[in-house]
Amino acid sequence: MSNIILYDYWRSSASYRVRIALNLKGLSYDMVTVNLLRGEQKADKNLSRNPQGFVPSLDLDGDMMTQSLAIIEYLDELHPPPALMPPSARERARVRALSHAIAMDIHPVCNLGVVQHIVELAGGDEQVKVDWMRKFIAKGLNAFERMLADGQSGTFCHGDHVTMADLCLVPQVYNADRWGTDRSHLTRINAIMEQTEQLAAFQKAAPDQDA
């Protein structure tokens, strides 16, 4: 057993971000599945780790952490190379803005619990779930594409090095493809995806690896 334990679910976007970060940092870790479809996130065992009833939770030598972006920035401070945040305060603000556009704007309205409640309100019509996902993922990614057009992106979301923004983008694009969201016109996002798909840290973290 390693001294790092990730409590996650293979299809969770937030968990996916943390897996990429751990891989990029070259940190070995054990994974414990919290099955969201079975409601295990709401069980007392998970609530003791994560009072919000979410995943991921990361146990670092007995120190339990939650919230994927907080975890990623903490790992980046503990294990700087390769840095996932740029050197200047202004650049870090941009990377956080990009990251938050996904993690705080797209992700919450497409959360499993939220969407299931929408389906219940719609009388159990599952097509409502598909339409909801496509609408809000498309809206968010279109805005993200415009954010990338400020001249500060390069090979990746910020310049030519992987940052936390890329760790947020990749899982969201996975979800876009899963729900059949059209992204053929998102040229900047698609170019970044082509680059990340070549990196082992992203490949190893992909949901299909853990299904």
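Reader: In which loop does Asp61 lie?

Author: Asp61 lies in the loop between β3 and β4 (63-66); helices (H or I, at least four residues) and strands (E, at least two) are DSSP runs, numbered from the N terminus. The model is a predicted one, in which local features need pLDDT of at least 70, side-chain atom pairs count only at pLDDT 80 or more, and totals for chains, interfaces and linings use all residues. Residues are numbered from 1 along each chain as its sequence is written, and side-chain values use heavy atoms, with hydrogens and water left out.

Reader: What is the phi of Asp61, and is Asp61 buried or exposed?

Author: Most residues other than glycine have a negative phi. Asp61 has a positive phi, near 50°. Its relative accessibility is 62%, so Asp61 counts as exposed; buried means under 20% relative accessible area, exposed over 50%, and partly exposed in between (1.4 Å probe, protein chains only). Gln67, in the loop between β4 and α3, also has a positive phi, near 70°. Gln67 counts as partly exposed because its relative accessibility is 42%.

Reader: Which peptide bonds are cis?

Author: Most peptide bonds are trans. The bond from Val55 to Pro56 is cis, with omega near 5°, and Pro56 is found in the loop between α2 (44-49) and β3 (57-60). Another cis bond joins Pro81 and Pro82, with omega about -10°; Pro82 is in the loop between α3 (68-78) and α4 (89-109).

Reader: What is the order of the strands in the open sheet?

Author: Strands of a sheet pair through backbone hydrogen bonds, either parallel or antiparallel. Here the order of the 4 strands is β2-β1-β3-β4, with mixed pairing; two strands pair if DSSP finds at least two bridges between them. Because β2 (30-33) and β4 each have a single partner strand, they stand at the edges, and one side of each is left without a neighbour in the sheet. Strand β1 (residues 4-8) pairs with β3 in the antiparallel sense over 4 bridges, and Ile4 has Leu60 in β3 as its bridge partner.

Reader: Which residues have the most contacts inside the largest nonpolar core?

Author: In soluble globular proteins, nonpolar side chains tend to be buried together. A nonpolar core is a set of buried Ala, Val, Leu, Ile, Met, Phe, Trp, Tyr and Cys residues joined through side-chain atoms within 4.5 Å. The largest one has 61 residues, and those with the most contacts inside it are Leu22, Phe144, Leu167, Leu169 and Ile189. Helix α7 (residues 164-178) gives the most to this core, with 9 residues.
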